[in-house]
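Trainee: Could we go through this structure together, step by step? I would like to learn how two chains meet.

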Amino acid sequence: LSSQLVLDEQAARHFVTLLGDVEPAQRHAIEQWISLDPRHAVAFAWARSAWQLTEGLRDIDGQKS
Amino acid sequence: VIDLDERLAWFETDILPHQGALRARLKGMVSSIADVDDVLSETLVRAYAADDWSAIANGKHYMFRIARNILIDAARRNGIVSFGFVADMESLQEDRSTEMGLSARDRLRHAGRIIDNLPLQCGRVFVLRRVHEHSLGEIAVEMGLSISTVEKHLARAVMLLAKGVAEIEEWGVERERRGVEQPVGAR
């Protein structure tokens with residue numbers, strides 16, 4: 001696996017973790033990870049942007065049903 | 001934490017949407033796709049790390065300027081500064097194009113196609129969480145998986161979606177410029 005792929009996977013895992021109920025300590029640890037290196041932040045931003053992009057899927061699904 | 005949230009929000013709003021335009025421009029200037037990826041990645045990292053990010057009025061111009069500086073540094077290191085290269089760098093610096101690639105509606109439609117083509121369990125987990133708003137625990141029960149496995153599938157779906165979106169943005173910019181066929185990955 002390339003280091004970029006590993007980083008992207010890690011960022012996506014962190015993003016998914018933050019979608020759920022997260023203990024403050026865990027949230028803090030993820031924020032520390034993002035802040036540690038701009039490469040982490042960029043990978044995290046990609047994951048979050050992709051998620052936000054699909055916000056409208058719910059509306060489309062509602063229109064279909 | 002406030003700075004982190006604000007910086008991420010700025011980056012996602014003012015920088016990332018222009019990466020497709022930059023990638024499309026770089027393709028005509030940089031010799032191999034691997035180099036394009038390297039320059040683009042380094043550009044995004046430097047943009048995110050900017051000390052004065054909150055004072056940057058035009059994210060696209062800022063990002064293009066960073067890319068230009070990276071290319072100039074690389075050319076100097078390799079001793080390959082030609083007249084053509086200088087002209088390319090000037091055009092990159094002066095890029096005033098306003099293309100934004102795809103509309104929000106097009107992006108969503110393409111994102112839907114990417115999701116349709118995700119590995120089966122990844123796609124199912126993603127739709128249950130994102131569209132039907134089931135919790136990870138509910139999805140785990142429904143699919144007979146552990147929550148940890150559900151998280152892995154969802155993370156993989158998010159990662160694959162992000163990669164697909166990046167490619168589609170680039171295609172959108174090129175389509176706007178020249179009118180090209182839809183990329184295979186977006187079908």
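Trainee: How many residues does the contact take from chain B?

Mentor: First, this is a predicted model, where local features need pLDDT of at least 70 and side-chain atom pairs count only at pLDDT 80 or more, while totals for chains, interfaces and linings use all residues. Residues are numbered from 1 along each chain as its sequence is written, chains are lettered from A and ligands numbered from 1 in the order in which they are written, and side-chain values use heavy atoms, without hydrogens and water. Contact means heavy atoms within 4.5 Å. Chain A gives 32 residues, and chain B gives 39 residues.

Trainee: Which element gives the largest share of the side of chain B that touches chain A?

Mentor: Helices here are DSSP runs (H or I, at least four residues), numbered from the N terminus. Among the elements giving two or more residues to that side are α1 (2-15) and α9 (147-178) of chain B. The largest share, 13 residues, comes from α9(B).

Trainee: What area do chain B and chain A bury between them?

Mentor: Buried area is the accessible area (1.4 Å probe) that two parts lose on being put together, summed over both. Carbon and sulfur atoms hold 70% of it, and the total is about 3,300 Å².

Trainee: How many salt bridges are there between chain B and chain A?

Mentor: A salt bridge is a side-chain nitrogen of Lys or Arg within 4 Å of a carboxyl oxygen of Asp or Glu. E55(A) and R130(B) meet in one, at 3.1 Å from N to O. The count between the two chains is six.
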